[in-house]
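Please look over the sequence and the structure shown below before reading on.

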2 protein chains.
Amino acid sequence: MGITVTVTTSNADVDATLVELAGRAAKLDADNALAHTRERFLIPPNLVYLDGNSLGVLPAAVPAAVDDAVRRQWGSGLISSWFEEGWWEAPLRIGERIGALLGAAPGQVVAGDSTSVQLFNTLMAAARLRSGRRVLLTDPGHFPTDAYLTDSVAELLGLEVRRAPAADVPATLAEIGSDVGVVSYPIVDYRTGERWDLPGITRAAHEAGAVVVWDLCHGAGAMPIGLDEAEVDFAVGCTYKYLSGGPGSPAYVYIAARHHDAVRHPLTGWHGHADPFAMQDAYKPADGIARARVGCPPMLSLLTLEAALTAFDGVDLSELRAVSLSLTSFFIECCDALLSEQGFEVATPRAAERRGSQVALRHRDAVQLVPQLAKRSVVCDKREPDVLRFGFNALYNTHSDALTAVRTLRDLVG
Amino acid sequence: MGITVTVTTSNADVDATLVELAGRAAKLDADNALAHTRERFLIPPNLVYLDGNSLGVLPAAVPAAVDDAVRRQWGSGLISSWFEEGWWEAPLRIGERIGALLGAAPGQVVAGDSTSVQLFNTLMAAARLRSGRRVLLTDPGHFPTDAYLTDSVAELLGLEVRRAPAADVPATLAEIGSDVGVVSYPIVDYRTGERWDLPGITRAAHEAGAVVVWDLCHGAGAMPIGLDEAEVDFAVGCTYKYLSGGPGSPAYVYIAARHHDAVRHPLTGWHGHADPFAMQDAYKPADGIARARVGCPPMLSLLTLEAALTAFDGVDLSELRAVSLSLTSFFIECCDALLSEQGFEVATPRAAERRGSQVALRHRDAVQLVPQLAKRSVVCDKREPDVLRFGFNALYNTHSDALTAVRTLRDLVG
């Protein structure tokens, strides 16, 4: 992609910097190993969309798939589509596709329900696996729904919630570890974009005898996760951010195979029954990950998600991560060059291994700047009081997007 | 609609009966006050679809609405559509439309999640409203997911589940009423199609000091329900049966306004928070029915449901009920005339007030007959071991459908 440089300052140094950065952006985009995947998305013309960490853009495969699901599968197939079109198996089939993006061997992921529902069901199941231990250890900066549901689970089971920053988990566990049953953290902080040490925290939790529940919302689809390799116990996540599954697309849950026989969920819906169509009086959980199914899943949203996931076909996750880091590194570089004297602070770590796929900037006018950027076709979002978030999806964002966003910000505050 | 009579028996009496019934069907369909609503659905040609009590047919308004939601709202509007297209308010807006079909004044119904999730969240909230009472009273023949979730709630809260047939509820409450906190029944039995006495059971529960949780899955959209008039406390239901919202379309919950301030749900997702975007640390439920929201709803399935509900525009529910009873009465009459000597038994009550909108037939070959009927373009379903279910949606089914189904059954077993 080319870029048009509109210099709005008389400072000749800035002019030169902009020209240099524009050239670098063009070269980085030309050399981008994932440049071809941008065509798998229907991006509105001239839009710089850096909010894929809230809602991913529409994958090109979706409209035809939805139309088929509505007109042919539902309209013509009607009730027969539950089996003849594979609706019944869809949560498991789509779970496999997601699992492959999480570093999970087959049979450990199922899709369905919202992240909030999955969190509740999973935190309850995790706490029951460690009954006798009275503490849930979690992040004081966790996303609100995680915080609320952790409190609700603790109240129901008579447990205590302790909160410690992710970096302090090993020290906290060294102190109170024998009381801790569940350790629950996000892989990436939703405000700052800081990436936590999933393998290290998981290892520390296991050494203390606890199980982990990871929230992957801000990581899945943006980097390799390596759930099996890190011996994670449980994980949940949404699919409408980097997985681009559409507004409110169903969430997923991962349960390590070694726990399948022991986990007991409170949401004992009939889709998780061992023999659902026998309509038996008593709940008997299905074998394997199918026991994490709950009720009838929203099939049109689920089939939309399935089509969206084809955007990952043939994509190497290490390569995806490299492109993601190139985008966020270049964005930070542009911020340093163009915004350092304009009241902005980069809130995201500069060390690549500590970064997710978004960059957060702090600025006192953050709340007003978001709509002003949107009017200039640069979409990001805010977290009050002072955070601007710029999410980068390596499947469709470009280095030129990064520069345009920074340049537009400078124009607004300059 | 005309009907082609293919007489496959040499019995002249049966010939005459068929001719008479076909004439009656044609006249009843010609006089049907809701004949015009059939055009609001895309019914496959020559299909007799009597499984709308499992999955309703595709409403004609849906394909364009879904395409708009996908391409324009998601594809072009992207994140801005959460507010500019009314996505955020959709669960409440659609809840109002459903509430109007349930006899609920505004502000008491919200759509979202599966019936199973809504049942869990609602049974928990109901039991907490009557903490101190140790019994959940429910139907021994309740749909499995209701049974399983009632057991799960009882285990979590240390309660006891007692099961009594709906007809015995007043007697049971007279005996153990002071122990009963929650009375939980379906409005219509999913196998036999028998309709229970919602006002009477609700009154008996209240006299005993309990609250009621009604499962409306097999009633909503097929008859007036009168939730407010009967002073129901809680109700939940799916939307993919008589409401024709599509496969797995989101469920809904009704909570009487008088309980709003007191109910406490375990699923404290951030969408139910009083100030969700303030991202506060502690859960504070929203005012009104919005506190029953949980997580991010599956928006495409939700907007599909919204379009589907337009099929009810201008429909008087008393008239709908009259057409429904005409259809099921005529179906029973056809069964009496043509199937009484073929090993079939009508399992649904003959008294109109005790009937939902389906007729169940018992037959020893029920399981094999369902696919044989489907091959002849008559779709119904089974419940093992011996029940055939024929669901009638008064918005699109005809008396000719009823006769064709019975005639085809007779051909198969004759």
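Predicted model: local features only at pLDDT ≥ 70, side-chain atom pairs only at ≥ 80, totals over all residues.

Thr138(B) stands opposite Ser184(B), a residue of strand E5 of chain B, while its bridge partner in strand E4 of chain B is Arg163(B).

**Strand E3 of chain B and its partners**

- Strand E3 of chain B, which covers residues 135–138, pairs in the parallel sense with strand E5 (residues 180–186) of chain B, and four bridges join the two.
- Val135(B) has Val180(B) as its bridge partner in E5(B).
- E3(B) also pairs with E4(B), again in the parallel sense and over four bridges.
- Between E3(B) and E4(B) the chain passes through helix H6(B), and this β-α-β crossover is right-handed.
- In a regular strand, side chains alternate between the two faces of the sheet.
- In E3(B), Val135(B) and Leu137(B) point one way whereas Leu136(B) and Thr138(B) point the other way, and all of these residues are buried.

**The sheet as a whole**

- Seven strands of chain B form an open sheet with mixed pairing, in the order E2-E8-E7-E6-E5-E3-E4.
- Strand E2 (109–111) and strand E4 (160–163) of chain B each have a single partner strand, so they stand at the edges and one side of each is left without a neighbour in the sheet.
- On average, neighbouring strands of this sheet are turned by 20 degrees against each other, with direction ignored.
- Helix H5 of chain B, residues 115–129, lies across E3, E5, strand E6 (211–215), strand E7 (234–237) and strand E8 (252–255) of chain B, and the helix runs at about 170 degrees to E7(B).

**A buried tryptophan in chain A**

- Trp214(A) has its place in strand E6 of chain A, which spans residues 211–215.
- Trp214(A) has 28 other C-beta atoms within 10 Å, and is therefore buried.
- Leaving aside residues up to four places away in sequence, Trp214(A) touches Tyr185(A), Ile187(A), Leu198(A), Val232(A) and Ala235(A).
- Although Trp214(A) and Ala235(A) are 21 residues apart in sequence, they are 4.5 Å apart in space, taken from C-alpha to C-alpha.

**The contact between the chains**

- The contact takes 64 residues from chain B and 64 residues from chain A.
- On the side of chain B that touches chain A, at least two residues each are supplied by helix H2 (62–77), H5, helix H6 (144–157), helix H9 (299–309) and strand E12 (381–383) of chain B.
- H2(B) gives the largest share of that side of chain B, with nine residues.
- By type, the residues of the side of chain B that touches chain A divide into 37 nonpolar, 18 polar and nine charged.

- The same surface serves both copies, since 100% of the contact residues of chain B recur in chain A.

Conventions. Residues numbered from 1 in each chain as written. Chains lettered and ligands numbered in written order. Pairing = 2+ DSSP bridges. Axes fitted to C-alpha atoms, helices over the stretch in contact; angles between N-to-C directions. Contact = placed C-beta atoms within 7 Å. Nonpolar A, V, L, I, M, F, W, Y, C, P; charged D, E, K, R; others polar. Buried ≥ 20, exposed ≤ 12 C-beta atoms within 10 Å, placed from the backbone. Right-handed = clockwise from strand over helix to strand, strands pointing away.
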